[in-house]
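This briefing is meant to be read beside the sequence and the 3D view.

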Amino acid sequence: MPKNIFSRGRSRTLTRHHKIAMAGVATLGAAAIGLSAVPSGASTKTTTEAAQPVAVAFSTEQIKDVKASVTDQMASATVKAEQIAAKKKADAAAAAKKKAAAEAAKKKAEAARKAKEAASRDAKRAEVKKAAKTYPNNLDGWIRESLDVMKKHGIPGSYDGIKRNIIRESSGNPKAINNWDINAINGVPSKGLLQVIPPTFKAYHVPGTSWDIYNPVANITAACNYAADKYGSMDNVFGAY
């Protein structure tokens, strides 16, 4: 195989020359390519003027639509927030009204309870006062106390009618006793202010009074109860009964 005559002493020089040659060829090639790209008849005049920017046409319709959509959403959100706030305010007002009504009802009930208790206390005091009513221990006091008992039990009679019959029967002596009339002969003498026999006293005894036939009030009320049953009232009695 023949030896390469360029493989030794000339290799470095040839390489440098080759590089220069290759650079020139590359430059000429690029120029040729540039010229070949220009159409025939066209001017090959070059210019250093900068390329002018080209105006780009665009539409604002879509942007307007997007802006309107965002505005509508914001408005809707605002309305919704206002509605929520209004509902909260209405709920708070309703709750406050309900609470106020409940408190008013509670106060009213409490006032009614206190009024009822006060009325009950007044009634009890009146009863105590009435129960504690005192009467003089004499004919006038006995008659008046008897009238109060009779009124409570619905027994008719007047002060004058009672006193008139007492004076006739016993002269106002609560211990009076008849030992001579027919009742005495029969063993049941008349006794007390209105001269009541024991069986009649027992039958017409008025609750709340003494069972002692000589007790002035018990004697009067039992006699008046008997007279009301037999004559309509002690006021209708004008003689022995």
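A helix axis is here a line fitted to C-alpha atoms over the stretch in contact, and the angle between two axes runs from 0 to 180 degrees between their N-to-C directions. In this predicted model, the axes of α3 and α7 come within 9 Å and cross at roughly 50 degrees.

**Overall make-up**

- The protein chain has seven helices and zero strands, and the pattern read along its sequence is α-α-α-α-α-α-α.
- Of the 241 residues in the protein chain, 20% are buried.
- Among contacts in the protein chain with a separation of 6 or more, 47% are between residues 24 or more positions apart.

**The α3–α7 pair**

- On the α3 side the contact involves Trp 142, Ile 143, Glu 145, Ser 146, Val 149 and Met 150, which meet Pro 216, Val 217, Ile 220, Thr 221 and Cys 224 in α7.
- Sorted by class, this contact of α3 with α7 has eight nonpolar, two polar and one charged residues.

**The α3–α4 pair**

- α3 and α4 pack at an angle of about 130 degrees with their axes 10 Å apart; they are therefore oblique to each other, and α3 passes α4 in a right-handed crossing.
- The contact is made by Leu 139, Asp 140, Ile 143, Arg 144, Leu 147 and Met 150 of α3, together with Tyr 159, Ile 162, Lys 163, Ile 166 and Ile 167 of α4.
- By class, the contact of α3 with α4 has eight nonpolar, no polar and three charged residues.

- Ile 143 lies in helix α3, which covers residues 139-152, and its relative accessible area is 0%, so Ile 143 is buried.
- Leaving aside residues up to four places away in sequence, Ile 143 touches Tyr 159, Ile 162, Lys 163, Ile 166 and Ile 220.
- Ile 143 and Ile 220 are 77 residues apart in sequence, yet their C-alpha atoms are 7.4 Å apart in space.
- The largest nonpolar core has 23 residues, of which Ile 162, Ile 166, Leu 194, Ile 220, Cys 224 and Met 234 touch the most other members.
- α3, α4 (159-170) and α7 (216-231) each supply at least two residues of this core, and α7 gives the most, with seven residues.
- With residues up to four places away in sequence again left out, Ile 162 touches Ile 143, Leu 147, Met 150, Leu 194, Ile 220, Cys 224, Met 234 and Asp 235.
- As general background, nonpolar side chains in soluble globular proteins tend to be buried together.

**Two loop residues with positive phi**

- Ser 171, in the loop between α4 and α5 (182-185), is a residue other than glycine with a positive phi, near 60 degrees; its relative accessibility is 62%, so Ser 171 counts as exposed.
- Gln 195, in the loop between α5 and α6 (198-203), is likewise a residue other than glycine with a positive phi, near 50 degrees, but at 11% relative accessibility Gln 195 counts as buried.

Notes. Residues are numbered from 1 along each chain as its sequence is written. This is a predicted model: local features need pLDDT of at least 70, side-chain atom pairs count only at pLDDT 80 or more; totals for chains, interfaces and linings use all residues. Side-chain values use heavy atoms; hydrogens and water are left out. Helices (H or I, at least four residues) and strands (E, at least two) are DSSP runs, numbered from the N terminus. Buried means under 20% relative accessible area, exposed over 50%, partly exposed in between (1.4 Å probe, protein chains only). Contact means heavy atoms within 4.5 Å. A nonpolar core is a set of buried Ala, Val, Leu, Ile, Met, Phe, Trp, Tyr and Cys residues joined through side-chain atoms within 4.5 Å. Angles under 35 degrees count as roughly parallel, over 145 as roughly antiparallel, 65 to 115 as roughly perpendicular and the rest as oblique. A crossing is left-handed if the near helix is turned anticlockwise from the far one by less than a right angle, and right-handed if clockwise. Ala, Val, Leu, Ile, Met, Phe, Trp, Tyr, Cys and Pro count as nonpolar, Asp, Glu, Lys and Arg as charged, and the others, Gly among them, as polar.
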